[in-house]
Amino acid sequence: MGFPVSYYCPHCGAVVELERDGYLADKSVTPYPLEGWSYADPTDDFEDAEGVRFACGESDAPGLSWTGDVVDADDVENPTLASPCGREFYLSFVRYEDGREVEAVPESDYVVIGGGGPSGPSGPRGPDAGPRGPDGF
Ligand SMILES: [Zn+2]
(Lines give C-alpha, C1' and ligand atoms only; values in the text may rest on other atoms or scores of the structure.)
Protein backbone atom coordinates (compact mmCIF):
# COMPACT_ATOMS: atom_id res chain seq x y z
CA MET A 1 0.00 0.00 0.00
CA GLY A 2 2.22 2.77 1.19
CA PHE A 3 5.70 3.27 2.45
CA PRO A 4 6.98 5.22 5.44
CA VAL A 5 8.14 8.77 4.91
CA SER A 6 9.67 10.65 7.77
CA TYR A 7 9.14 14.25 8.71
CA TYR A 8 10.01 16.25 11.74
CA CYS A 9 8.10 18.67 13.89
CA PRO A 10 9.09 22.24 12.97
CA HIS A 11 8.58 23.26 16.59
CA CYS A 12 10.80 20.81 18.42
CA GLY A 13 12.34 18.50 15.80
CA ALA A 14 10.63 15.27 16.86
CA VAL A 15 10.76 12.77 14.01
CA VAL A 16 7.59 11.08 12.81
CA GLU A 17 7.12 8.40 10.23
CA LEU A 18 3.97 8.38 8.18
CA GLU A 19 3.00 5.56 5.90
CA ARG A 20 1.42 6.84 2.73
CA ASP A 21 1.05 6.41 -0.95
CA GLY A 22 4.08 7.25 -3.00
CA TYR A 23 2.32 9.31 -5.63
CA LEU A 24 1.67 12.20 -3.30
CA ALA A 25 4.19 14.98 -3.64
CA ASP A 26 5.17 16.83 -0.50
CA LYS A 27 5.34 20.55 -0.67
CA SER A 28 6.38 21.55 2.80
CA VAL A 29 6.06 20.99 6.51
CA THR A 30 5.15 24.15 8.34
CA PRO A 31 4.16 25.14 11.88
CA TYR A 32 1.00 26.79 10.50
CA PRO A 33 -1.52 25.84 7.82
CA LEU A 34 -0.94 27.21 4.35
CA GLU A 35 -3.50 29.65 3.03
CA GLY A 36 -5.92 27.81 0.76
CA TRP A 37 -5.01 24.29 1.88
CA SER A 38 -7.38 22.03 3.74
CA TYR A 39 -5.97 19.47 6.13
CA ALA A 40 -7.03 16.05 7.30
CA ASP A 41 -6.07 14.27 10.48
CA PRO A 42 -3.63 11.35 10.10
CA THR A 43 -6.50 9.07 11.14
CA ASP A 44 -8.59 10.37 8.23
CA ASP A 45 -8.32 9.39 4.62
CA PHE A 46 -5.65 11.99 4.10
CA GLU A 47 -4.59 10.65 0.71
CA ASP A 48 -7.51 12.61 -0.70
CA ALA A 49 -6.75 15.72 1.29
CA GLU A 50 -4.39 18.56 0.50
CA GLY A 51 -2.36 18.03 3.60
CA VAL A 52 -2.15 16.43 7.00
CA ARG A 53 -2.41 18.08 10.39
CA PHE A 54 -0.19 16.50 13.01
CA ALA A 55 -0.15 16.94 16.73
CA CYS A 56 3.42 16.41 17.84
CA GLY A 57 3.73 13.09 19.67
CA GLU A 58 0.19 11.92 18.96
CA SER A 59 -0.04 8.65 17.10
CA ASP A 60 -3.61 7.44 16.98
CA ALA A 61 -3.31 6.70 13.29
CA PRO A 62 -2.15 3.21 12.31
CA GLY A 63 0.36 4.47 9.75
CA LEU A 64 1.90 7.02 12.06
CA SER A 65 4.78 6.45 14.44
CA TRP A 66 7.11 8.73 16.35
CA THR A 67 10.59 7.37 16.16
CA GLY A 68 11.84 8.97 19.33
CA ASP A 69 14.53 10.78 17.38
CA VAL A 70 14.88 14.52 17.45
CA VAL A 71 16.60 16.27 14.57
CA ASP A 72 18.84 19.23 15.08
CA ALA A 73 17.95 21.18 11.96
CA ASP A 74 18.30 24.88 11.34
CA ASP A 75 14.61 25.36 10.72
CA VAL A 76 13.49 23.81 13.98
CA GLU A 77 11.88 26.70 15.77
CA ASN A 78 12.68 25.79 19.30
CA PRO A 79 15.22 22.96 19.69
CA THR A 80 15.20 23.32 23.45
CA LEU A 81 11.50 22.54 23.64
CA ALA A 82 10.56 19.31 25.39
CA SER A 83 10.00 16.77 22.67
CA PRO A 84 7.47 15.72 21.54
CA CYS A 85 5.95 19.10 22.22
CA GLY A 86 2.28 18.38 21.52
CA ARG A 87 1.91 21.35 19.20
CA GLU A 88 0.35 21.12 15.79
CA PHE A 89 2.16 21.26 12.51
CA TYR A 90 1.14 20.79 8.93
CA LEU A 91 2.32 18.67 6.06
CA SER A 92 1.16 20.15 2.77
CA PHE A 93 0.98 18.24 -0.46
CA VAL A 94 1.65 19.88 -3.79
CA ARG A 95 -1.61 21.11 -5.32
CA TYR A 96 -2.32 21.73 -8.94
CA GLU A 97 -4.86 24.04 -10.49
CA ASP A 98 -5.29 24.04 -14.26
CA GLY A 99 -2.16 21.95 -14.53
CA ARG A 100 0.02 24.43 -12.67
CA GLU A 101 1.42 24.07 -9.23
CA VAL A 102 -0.30 26.27 -6.68
CA GLU A 103 2.13 28.45 -4.79
CA ALA A 104 1.57 28.96 -1.12
CA VAL A 105 1.60 32.42 0.33
CA PRO A 106 3.90 32.48 3.33
CA GLU A 107 2.25 33.87 6.39
CA SER A 108 4.88 36.56 6.72
CA ASP A 109 3.77 38.12 3.42
CA TYR A 110 0.63 39.29 5.12
CA VAL A 111 2.59 41.52 7.43
CA VAL A 112 2.51 45.07 6.11
CA ILE A 113 5.57 46.98 7.16
CA GLY A 114 5.31 50.67 7.92
CA GLY A 115 1.57 51.09 7.44
CA GLY A 116 1.72 51.39 3.66
CA GLY A 117 1.98 55.12 3.03
CA PRO A 118 1.86 56.60 -0.47
CA SER A 119 5.66 56.57 -0.75
CA GLY A 120 5.57 52.82 -1.17
CA PRO A 121 8.22 50.35 -0.11
CA SER A 122 11.10 52.78 0.24
CA GLY A 123 13.37 52.94 3.24
CA PRO A 124 12.43 54.44 6.55
CA ARG A 125 14.38 57.61 5.70
CA GLY A 126 13.40 60.65 3.61
CA PRO A 127 12.14 60.66 0.04
CA ASP A 128 15.48 61.04 -1.73
CA ALA A 129 17.58 58.83 0.51
CA GLY A 130 18.69 56.46 -2.22
CA PRO A 131 21.53 54.16 -1.28
CA ARG A 132 23.06 54.76 2.08
CA GLY A 133 24.68 58.18 2.33
CA PRO A 134 28.10 58.91 3.81
CA ASP A 135 26.59 59.39 7.26
CA GLY A 136 25.59 55.77 7.57
CA PHE A 137 21.96 54.91 7.81
ZN1 LIG B 1 7.07 19.01 18.36
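**Exercise 1. Locate Pro10 and decide whether this residue is buried or exposed.**

Step 1. Pro10 lies in the loop between E1 and E2. Strands (E, at least two residues) are DSSP runs, numbered from the N terminus.

Step 2. Count the C-beta neighbours. Pro10 has 21 other C-beta atoms within 10 Å, so Pro10 is buried. The cut-offs: buried means 20 or more other C-beta atoms within 10 Å of a residue's own, exposed means 12 or fewer, and partly exposed is in between, with C-beta atoms placed from the backbone.

Step 3. List the contacts, setting aside neighbours within four places in sequence. Pro10 touches Val29, Thr30, Pro31, Asp75, Val76, Glu77 and Phe89. Contact means that the C-beta atoms, placed from the backbone, lie within 7 Å.

Step 4. Pro10 and Asp74 are 64 residues apart in sequence, and their C-alpha atoms are 9.7 Å apart.

A note on the model: it is predicted, so local features need pLDDT of at least 70 and side-chain atom pairs count only at pLDDT 80 or more, while totals for chains, interfaces and linings use all residues. Residues are numbered from 1 along each chain as its sequence is written.

**Exercise 2. Work out the order of the open sheet of three strands, and find its edges.**

Step 1. The order is E1-E2-E5, with antiparallel pairing. Two strands pair if DSSP finds at least two bridges between them.

Step 2. Strand E1 (3–8) and E5 each have a single partner strand, so one side of each is left without a neighbour in the sheet. The twist averages 30° from one strand to the next.

Step 3. Look at one pair. E1 and E2 are joined antiparallel over six bridges. Tyr8 stands opposite Val15 in E2.

**Exercise 3. Describe the largest nonpolar core.**

Step 1. This core has 13 residues. A nonpolar core is a set of buried Ala, Val, Leu, Ile, Met, Phe, Trp, Tyr and Cys residues joined through C-beta atoms within 7 Å.

Step 2. Cys9, Cys12, Ala14, Phe54 and Cys56 have the most contacts inside it.

Step 3. Strand E2 (14–20), strand E4 (51–55) and strand E6 (88–93) each give two or more residues. E2 gives the most, with three.

Step 4. Beyond four places in sequence, Phe54 is in contact with Val16, Pro42, Glu88, Phe89 and Leu91.

**Exercise 4. Examine the backbone at Pro84 and Asp98.**

Step 1. Ser83 and Pro84 are joined by a cis peptide bond, with omega about 0°. Pro84 sits in the loop between strand E5 (64–70) and E6.

Step 2. Asp98 is not glycine, yet its phi is positive, near 50°. Its place is the loop between strand E7 (96–97) and strand E8 (100–101).

Step 3. Asp98 counts as exposed because it has 5 C-beta neighbours inside 10 Å.

Technical notes. Helix = DSSP H or I, 4+ residues; strand = E, 2+ residues; numbered from the N terminus. Contact = placed C-beta atoms within 7 Å. Axes fitted to C-alpha atoms, helices over the stretch in contact; angles between N-to-C directions.
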